[in-house]
Amino acid sequence: MKKVLIITYYWPPGGGAGVQRWLKFVKYLRKYGWEPIVYTPSNGEMPVEDLSLLSEIPEGVSVLKQPIWEPYDIYKKLIGRKKSEKINTGFLTEKKQPGLLEKFSVWVRGNFFIPDARKFWIRPSIKFLTSYIHDHPIDAIVSTGPPHSMHLIALGVKANTGLPWLADFRDPWTNIDYYNDLLLTNRADMKHHKLERDVLTSADSVVAVGKTLAIELEQLGGNNVSVITNGYDEADTALAQYVVVDKKFSIVHVGTLVRSRNCPALWRALGNLVAEHQDFADDLELRLVGKCDLAVLNSIKENGLDKFLTRVDHLPHDEVIAEQRKAAVLLLLINNSANAKGILTGKFFEYMAAGRPMLAAGPRDGDVAHIMAETNCGEICEFDDHAGMQKTLLDFYLKHKKGTLRTGSEAIDHYAREPLTARLAEELNRIVEKVKA
């Protein structure tokens with residue numbers, strides 16, 4: 001059994017999308033000849049907590065934890081938040097528009113905490129892991145980002161040990177949708193790009209979650225770039241197979257709704273349907289599970305939809321799976337940003353496995369659109385196509401009333417977590433053999 005050191009910031013009891021990918025890889029790696037050793041902070045700033053995920057860590061897996069210092073306590077004090085309050089991801093604002101102090105703190109974050117607020121963990125982690133590997137030999141290193149400080153830890157460990165290294169990009173670095181919101185100076189922008197290039201050219205393998213991101217990383221100089229998408233766990237879907245679909249026409253979104261995912265055309269389409277069809281209004285429920293930016297809630301209210309809205313702040317992952325399976329329609333809102341074509345969220349694959357039709361808002365020539373066409377799991381409309389959304393929703397509603405609203409969900413087996421882990425193991429085997437040669 002070969003051993004792989006996995007450097008990840010997100011790990012249970014932290015919850016949310018950032019945890020799922022590598023928790024599931026760790027769950028199945030032993031089947032393919034690799035013993036995972038996880039390195040993660042003992043006191044990281046997690047947006048949400050999900051204790052139910054602890055049960056998915058395989059028995060006996062080594063989880064190395066070291067304390068991390070992050071500047072979030074200073075940030076919270078600066079903007080008047082309580083120490084116990086969580087910091088949301090992706091500039092999500094729940095209560096009010098950002099004030100001058102928050103904008104200033106964003107500027108500080110972008111220009112002084114490069115690549116991110118976890119930069120102070122890089123040097124002590126390199127020292128700790130180099131010493132650990134000396135006493136406990138391993139065969140390969142994996143880093144997963146964001147936060148991209150994890151890649152810089154791996155870069156330092158590789159320099160000290162010469163071990164083969166796989167850098168996993170769950171999201172872009174300098175092409176992420178909020179990169180321009182960091183208010184970067186030219187100097188800071190250049191430093192981000194240099195560090196990104198150092199990682200991409202030094203890693204023995206670069207893995208992206210989608211084809212578009214893989215092309216972008218290759219153009220930036222990435223070595224041996226391949227695609228291993230996110231996926232769904234068949235064990236999760238089996239637990240929720242007896243869930244009954246809602247009688248109401250429930251349109252359900254699961255996950256964080258940041259400002260860039262707000263879709264005014266969708267809310268306009270729903271507002272028109274409610275105004276024009278009384279039976280649609282009588283049956284409609286709009287259910288949002290997860291944190292929502294104020295801009296989203298304002299758009300919903302402006303279109304007279306707030307009385308149909310049910311909000312659930314957070315659910316454990318096992319309950320999320322059940323929530324997806326009982327929805328009449330699952331809503332997928334892709335970030336309306338420059339990198340929208342390459343955005344391929346983890347929940348998309350869980351939606352697919354839920355067997356409920358999807359309505360997606362995003363580019364019709366993006367990664368999501370291609371997989372939706374491949375698997376026949378729903379419909380996608382451009383961000384501003386309110387007429388197309390309105391037509392699709394009415395069609396979905398009429399089928400729901402007749403009890404015929406279903407989805408094909410064809411050819412989804414190769415997006416299951418276990419075969420995806422097999423592909424990861426193959427890539428690890430390849431870089432180990434390459435270094436030996």
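Visitor: Which residue in strand 3 is the bridge partner of valine 38?
Guide: In this predicted model, valine 38 has valine 63 as its bridge partner in strand 3.

Visitor: And how many bridges join strand 2 to strand 3?
Guide: There are 5, and the two strands run parallel. Strand 2 covers residues 34-41.

Visitor: What's the strand order in the sheet?
Guide: It goes 3-2-1-4-5-6-7, an open sheet of 7 strands with parallel pairing. Strand 3 (62-66) and strand 7 (225-227) each have a single partner strand, so one side of each has no neighbour in the sheet. From one strand to the next, the twist averages 25°.

Visitor: Which strands does helix 5 touch?
Guide: Helix 5 (residues 149-161) packs on the sheet against strand 1, strand 4 and strand 5. Its direction makes about 160° with that of strand 4.

Visitor: What about helix 7, which strands there?
Guide: Helix 7 (residues 211-219) touches strand 5, strand 6 and strand 7, and its direction makes about 175° with that of strand 7.

Visitor: Switching topic: which residues have the most contacts inside the largest nonpolar core?
Guide: Leu5, Ile7, Ile153, Phe169 and Leu428, in a core of 64 residues. A second, separate core has 34 residues, including Leu273 and Tyr397.

Visitor: What is leucine 5 in contact with, leaving aside neighbours within four places in sequence?
Guide: Among others, Ile37, Tyr39, Leu64, Leu129 and Val142.

Visitor: Last one: why is helix 1 called largely enclosed?
Guide: Because 10 of its 13 residues are buried. Trp22, Phe25 and Tyr28 are among them.

Definitions and conventions: Residues are numbered from 1 along each chain as its sequence is written. This is a predicted model: local features need pLDDT of at least 70, side-chain atom pairs count only at pLDDT 80 or more; totals for chains, interfaces and linings use all residues. Side-chain values use heavy atoms; hydrogens and water are left out. Buried means under 20% relative accessible area, exposed over 50%, partly exposed in between (1.4 Å probe, protein chains only). Helices (H or I, at least four residues) and strands (E, at least two) are DSSP runs, numbered from the N terminus. A nonpolar core is a set of buried Ala, Val, Leu, Ile, Met, Phe, Trp, Tyr and Cys residues joined through side-chain atoms within 4.5 Å. Contact means heavy atoms within 4.5 Å. Two strands pair if DSSP finds at least two bridges between them. Axes are lines fitted to C-alpha atoms, for helices over the stretch in contact, and angles run from 0 to 180 degrees between N-to-C directions.
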